[in-house]
Amino acid sequence: MTSSPADPSVIDSRQAAIRLLVSLGLVVLGNSSMYVVSVVLPAVQVEFGISRADASMPYTLMMICLGLGGLWTGRLADRYGLTPVLWCGALAVTAGFVGSGFAPNIWLFGLAHAVMGLLGSSATFAPLLADTALWWNKRRGIAVAICACGNYIAGAMWPPLVQHGIETIGWRQTYIILGLICGVGMLILSMYMRQRPPLVVDTPTPVGQVAVNRSRPFGMHPAIAQFLLCVAAVACCVAMAMPQVHIVAYCSDLGYGAARGAEMLSLMLGCGIVSRLVSGMICDRIGGIRTLLLGSALQGLALLLFLPVDGLVPLYIISALFGLFQGGIVPSYAIIIREYFALN
């Protein structure tokens, strides 16, 4: 374990680029549970003989625990480095998927997903976004966006694979195999994340630009500013989760089948990859705050478009638009914190 910070000369370097690619892979593996639970929801609902609301409970538990776990894993990463946190995350992802595969009822199924959120996904999202922001200055926006794309690559890649597994070997066996693949992959990639990030060094403000007072972000006390950002993040993620969680089951209810819903989810998140990359480039030009406002407004518009639609082709189109409109929101928060808050 390398306990000392990296030299500032590695910022924007080849080493930073390699670390970014490793971070991307870790997010793809660690965030798999956030999207495959939507695919297995119809099968779980039938097997356990429960309502849609009860079948959605594991996702709710997982996301609540993801938020709480992010606070804990972020603090541990600051203190001990990323590698031990990633090891815990790998074990949690494996235990969560395997435990879900053997769960005899919805409560243990939900508990296993809570473990994946608390220790698994939380270890491979917020800490890695924060870490990436410290390795880049000139292209910080696009770098954080690439790291965050792992979340959507997971959403575009895993649902159709899991749906195929459900149709061929069953959801339980598919979950167990997925847990082993993701857990082992995370353990291997974590070995490349032992170097601590460089310390933040304030650079002179360019002529013509207003210096940012990091001691009072947005002119507020840091605790108040951070609280308001947390409220905004919860609000945007509630809106973001609705189509992503329910599109597969909704297509089943409409008679189109779960496979069509899994395709829409992959399309939605695949378009989100494009959105995050474009938003990252926009963020490098106009900053995190303006990018967040733009993405939030477009997300609200796309969500409204779902209300009057139940046709197959329109659902595909609006799913794609939803992905294109809201993909840049989450990375904007990491950029805002890096731009306006004192980090050392």
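These exercises with worked solutions concern a predicted model.

**Exercise 1. Helix α8**

Compare the span of helix α8 with its expected span, then say what its buried residues pack against.

*Solution.* 
Step 1. Helix α8 covers residues 171–190, which makes 20 residues.
Step 2. From first C-alpha to last, α8 reaches 28 Å. This is close to the 28 Å expected at 1.5 Å a residue.
Step 3. List the buried positions. They are W171, R172, T174, Y175, L178, G179, C182, G183, G185, M186 and S190.
Step 4. Find their partners. The buried residues of α8 pack against α1 (14–30), α2 (33–48), α4 (82–102), α5 (106–120) and α7 (140–168).

**Exercise 2. The nonpolar surface patch**

Which residues make the nonpolar surface patch of about 580 Å², and which element gives the most to it?

*Solution.* 
Step 1. The members are W87, V184, L187, I188, M191 and Y192.
Step 2. Assign them to elements. Helix α8 gives the most, with three residues.
Step 3. Check one member, L187. This residue lies in helix α8. L187 has a relative accessible area of 33%. Patch residues need over 30%, and buried means under 20%, exposed over 50%. L187 is therefore partly exposed.

**Exercise 3. The largest nonpolar core**

Identify the residues of the largest nonpolar core that touch the most other members.

*Solution.* 
Step 1. The core holds 87 residues.
Step 2. Those touching the most other members are V40, F109, L129 and W158.
Step 3. Ask where the core residues come from. Helix α9 (residues 222–254) supplies the largest share, 10 residues.
Step 4. Look around L129. Leaving out residues up to four places away in sequence, L129 touches V144, C147, A148, V330 and A334.

**Exercise 4. Salt bridges**

How many salt bridges does a search of the whole structure find? Locate each and describe its setting.

*Solution.* 
Step 1. The search finds three.
Step 2. Take D131 and R19. Their closest N and O atoms are 2.8 Å apart. D131 sits in helix α6 (residues 126–134) and R19 in helix α1. The two are 112 residues apart, so this pair links distant parts of the chain. Both D131 and R19 are buried.
Step 3. Take E47 and R172. Here the closest N and O atoms are 2.7 Å apart. E47 is partly exposed, with a relative accessible area of 42%. R172, in contrast, is among the buried residues of α8.
Step 4. Take E263 and R260. Their side chains meet at 2.7 Å, N to O. They are three residues apart in helix α10, so about one helical turn separates them. E263 is partly exposed at 36% relative accessible area. R260 is partly exposed too, at 29%.

**Exercise 5. A buried serine**

Is S266 buried or exposed, and which residues does S266 touch?

*Solution.* 
Step 1. S266 is found in helix α10 (residues 258–286).
Step 2. Apply the cut-off. Its relative accessible area is 13%, so S266 is buried, given that buried means under 20%.
Step 3. List the contacts. Beyond residues up to four places away in sequence, S266 touches G155, A156, P159 and P160.

**Exercise 6. Positive phi**

Where do D12 and F218 lie, and what phi does each have?

*Solution.* 
Step 1. D12 is in the loop between β1 (2–5) and α1. Its phi is positive, about 65°, although D12 is not a glycine.
Step 2. D12 counts as partly exposed, at 26% relative accessibility.
Step 3. F218 is in the loop between β2 (195–196) and α9. F218 is not a glycine either, yet has a positive phi of about 60°.
Step 4. F218 is partly exposed, with a relative accessible area of 33%.

**Exercise 7. An exposed arginine**

Classify R75 by accessibility, then give its separation from R194 in sequence and in space.

*Solution.* 
Step 1. R75 lies in helix α3 (residues 52–80).
Step 2. Its relative accessible area is 65%, so R75 is exposed.
Step 3. R75 and R194 are 119 residues apart in sequence. In space, C-alpha to C-alpha, R75 and R194 are 16 Å apart.

Technical notes: Residues are numbered from 1 along each chain as its sequence is written. This is a predicted model: local features need pLDDT of at least 70, side-chain atom pairs count only at pLDDT 80 or more; totals for chains, interfaces and linings use all residues. Side-chain values use heavy atoms; hydrogens and water are left out. Helices (H or I, at least four residues) and strands (E, at least two) are DSSP runs, numbered from the N terminus. The expected span of a helix is 1.5 Å times one less than its number of residues. Buried means under 20% relative accessible area, exposed over 50%, partly exposed in between (1.4 Å probe, protein chains only). Contact means heavy atoms within 4.5 Å. Patches are made of residues with over 30% relative accessible area and no salt bridge: like charges are joined within 9 Å, nonpolar side chains (Val, Leu, Ile, Met, Phe, Trp, Tyr) within 5 Å. Accessible areas come from the Shrake-Rupley method with a 1.4 Å probe; for residues, only the protein chains shown count as cover. A salt bridge is a side-chain nitrogen of Lys or Arg within 4 Å of a carboxyl oxygen of Asp or Glu. A nonpolar core is a set of buried Ala, Val, Leu, Ile, Met, Phe, Trp, Tyr and Cys residues joined through side-chain atoms within 4.5 Å.
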